[in-house]
Amino acid sequence: MDTVAIFRLQLFKTSEVFIAQQAQNLHRYRPVYVGHKRFGEAPAGAEVVALDDASTAARWRARLTRSPDALIERLGSTRPALIHAHFAIDAVYALPLARRLDIPLAVTLHGFDVTITDKALLTARSPAWLNYFLHRRALKRRADLFICVSDYIRRQALQQGFPEDRLIVQYMGTKLPTEGAADAPHVPVIAHVARLVEKKGTAFLLDACGRLKARGVPFRLVVIGDGPLRTALVQQAAALGIAEECEFAGPQPHRAVLDLLRRTSVLALPSVTAGSGDAEGLGMVLLEASSLGVAVVGTDNGGIPEAIVDSRTGFIVPQRDPAALSDRLEAVVRSPELAAELGRHGREFVAQTFDVSRQNIKLEALWDELR
C-alpha cells in the first residue's frame, strides 16, 4: 500500500478532527502524519513524524527557514508517494519537503488561507504567516493540485491568483454514524461548537438567545470551544440576562461533542466575515450535526450555503442578523416535529453528498493522477 504524507504544522487540533477522519478512512493509501508539533492525540496506531523531540535549534530552523532537514531525518526509510498538505500556509512548508523528496504536492484550501487579508498576515507576528506571505507565489507555481473545500473557496482562490487549471472543488467528507439523535430533551438545547473568535459569530448567537428569553422561549445554550473572545462572551451573556441558560463548556474531545449533538435540538453556526477577511470555508460541524439527524441553522457566510439546504436540512439566515437568527431558532425549538424533519433530510443530504468513504474514493483518484 502506498504511503501519503498528511502534512499540518499543528497536528491533531481538537477543532480539526476532519483532517484525521479523512486520513483514517482512506482505501488505498496509508497515511503518515507529518508536521512540526502535536497539539492533540493521534488516532490509535497512527504513524506520526513530528519535531516535538527535536532540538530547539532544529525546531526554530524549520519554523523560520522552512528547512525540511529535520523532517527528512525523522522520516527515515519512509518515502511517501506524495504529500497532501492542509491549509496553504502549511503548504509553503510542505513544498520544500516535496521538492527534496521529488514527489507531488496536493494542497487543501480550507478557508482563512485564501480569505485573510495581507494586513492580517503581516501583523499576526507569526513566522508561518509571514513565510506564507513571502512564498505563496512559489506555492502557486509549484504545487501540483489545489483542492477547495467549497465552491466559495474556489472563487476566493481564483481572486487570490491561484492557478485555475489546478483548482478543483472536492468536499471534505464526514463519517456517517450508525447512531442518530437521541430523544428531544425536556428543555431544548441549542449547541454551538466553534473556536471563540470573531468569525464564528458567537456574539450574534448570544444576542439571538437574549431575544428568545425575552419572548419566553425555553432553551439551554451549550457552547463548546475556547478562544480569545471567551471572557467577553461570558460577560455578554451575563449582561443579556441569559447566564443561567448558557454553559461555556470549553474544548471537548470529539466523542463528547458527538454525544452533545445527539442530545441537541439544533446546532447554530452564525458565522460572519471577520475584519481580517476570514470567512467560513464550509462549516464541517454542520455536516456532523446533520449526519446525526440534528437540525442546523447557519448564515449566508462563505461556504455555509453549500452545507445547508435551506428550509430542508436547516435554515440559512443573513449574517450579523440576530433577529432573523432568533426567529429560526425559535421555530425549531418550539417544534420537535420540524426539528426531526430537518434532521432526517439533513442525514440523507450528508449521506448523498459528504460521505467520507465516497469522497475518499474521488480523492485517491486525484492522487493517482498526480503520480
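Let me begin with R334, which forms a salt bridge with E330, the closest N and O atoms being 2.8 Å apart. A salt bridge here is a side-chain nitrogen of Lys or Arg within 4 Å of a carboxyl oxygen of Asp or Glu. The model is a predicted one, in which local features need pLDDT of at least 70 and side-chain atom pairs count only at pLDDT 80 or more, while totals for chains, interfaces and linings use all residues. Residues are numbered from 1 along each chain as its sequence is written, and side-chain values use heavy atoms, with hydrogens and water left out.

To return to the pair, E330 is buried, with a relative accessible area of 17%, whereas R334 counts as partly exposed at 47%. Buried means under 20% relative accessible area, exposed over 50%, and partly exposed in between, with a 1.4 Å probe and protein chains only. Both residues belong to a network of salt bridges that links R215, D327, E330 and R334.

The structure holds 19 salt bridges. In one of them, the side chains of D2 and R371 meet at 2.6 Å, N to O. D2 lies in strand β1 (residues 2–7) and R371 in the segment after α15 (356–370), so this pair ties together parts that are 369 residues apart in sequence. Helices (H or I, at least four residues) and strands (E, at least two) are DSSP runs, numbered from the N terminus. D2 is partly exposed at 35% relative accessibility, and R371 is partly exposed at 49%.

A further salt bridge joins the side chains of D278 and K199, at 3.5 Å, N to O. This pair links distant parts of the chain, 79 residues apart: D278 is in the loop between β13 and α12, and K199 in the loop between β10 and α9 (202–214). Are D278 and K199 buried or exposed? Both are buried.

I turn now to the packing of two helices. In α11 (residues 254–262), the buried residues are V257, L258, L260, L261 and R262. They pack against β10 (189–193), β11 (220–224), β13 (266–269) and α12 (284–291). In helix α13 (residues 322–333) we find L325, which is buried with a relative accessible area of 2%. Leaving aside neighbours within four places in sequence, L325 is in contact (heavy atoms within 4.5 Å) with F204, L205, A208, P270, V297 and V317.

Next, the surface. R99, R137, R141 and R142 form a positive patch. Patches are made of residues with over 30% relative accessible area and no salt bridge, like charges being joined within 9 Å and nonpolar side chains (Val, Leu, Ile, Met, Phe, Trp, Tyr) within 5 Å. Helix α7 (residues 127–142) gives the largest share of the positive patch, three residues, and R99 is in helix α4 (residues 88–101).

Finally, the backbone. Which residue in the loop between β2 (10–11) and α1 (17–24) deserves mention? F12 is placed there; although not a glycine, F12 has a positive phi of about 65 degrees. At 12% relative accessibility, F12 counts as buried. S311, in the loop between β14 (295–299) and β15 (314–317), likewise has a positive phi, near 70 degrees, in a residue other than glycine. S311 is partly exposed, at 47% relative accessibility.

How values were computed:
Areas by Shrake-Rupley, 256 points an atom, 1.4 Å probe, with all protein chains shown as cover. Lys, Arg positive; Asp, Glu negative; His and termini not counted. Charge placed at Lys NZ, Arg CZ, Asp CG, Glu CD.
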